[in-house]
Amino acid sequence: MKKSVLICNGVFMRMMIKNIMRNMNDIDIFETEANHMEIMMAVYNHEPDVIMFPMQTNDFDGIKLLRVIRERDGAVKVIMFLSTSEDQRNLYLAAQAGLTGYITTPITPIVVLETLNKVLLSVVAK
């Protein structure tokens with residue numbers, strides 16, 4: 001079964017993640033800028049199995065966005081990008097809101113692949 005991943009971030013980070021994922025089979029990759037309106041439109045249009053977005057941007061609070069996404073689709077898996085300066089309380093709150101996994105920045109290919117593979121294994125067929 002083909003699975004889908006929505007990458008929500010700036011152009012450079014999306015290119016890096018797509019490049020890391022280039023050899024993963026049976027995955028459709030969608031992408032959008034990391035702003036809450038575009039993310040919600042992409043979630044609605046593509047119904048991805050996994051969504052990847054930053055915990056914080058100038059446009060949104062990732063924990064609030066995670067809660068909204070979870071209300072819409074409780075089965076979708078969410079991976080957040082966290083800067084090394086994110087505090088543990090935010091990680092705890094995100095976990096309480098339904099966070100599936102996280103990747104600290106700066107990213108490394110091994111961590112991205114390990115996290116994605118682990119999360120994709122938990123995706124149930126729609």
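Entry 1, the model. I am working from a predicted model.

Entry 2, the sheet. I looked up the strand order and found 5 strands in an open sheet, arranged β2-β1-β3-β4-β5 with parallel pairing. I noted that β2 (27-32) and β5 (101-105) are the edge strands; each has a single partner strand, so one side of each has no neighbour in the sheet.

I traced I51 to its bridge partner in β4, which is V78. I then looked for the helix over these strands: α3 lies across β3 and β4, and runs at about 175° to β4.

I found 22 residues in the largest nonpolar core. I listed the residues with the most contacts inside this core: I39, I51, F53, L66, I69, V78 and M80. I noted the elements that give two or more residues to the core: β1 (3-8), α2 (36-46), β3 (50-54), α3 (62-72), β4 (77-83) and α4 (88-97). Which element gives the most to this core? I found that α3 does, with 4 residues.

I looked up what V78 touches, leaving out residues up to four places away in sequence: I51, F53, L66, I69, R70, L99, T100 and G101.

I found another core apart from the largest one, with 19 residues. I noted I27, V50, I107 and V123 among them.

Key
Residues numbered from 1 in each chain as written. Predicted model: local features only at pLDDT ≥ 70, side-chain atom pairs only at ≥ 80, totals over all residues. Heavy atoms only, no water. Core = buried A, V, L, I, M, F, W, Y, C linked by side-chain atoms within 4.5 Å. Buried < 20%, exposed > 50% of the residue type's maximum accessible area, 1.4 Å probe, protein only. Contact = heavy atoms within 4.5 Å. Pairing = 2+ DSSP bridges. Axes fitted to C-alpha atoms, helices over the stretch in contact; angles between N-to-C directions.
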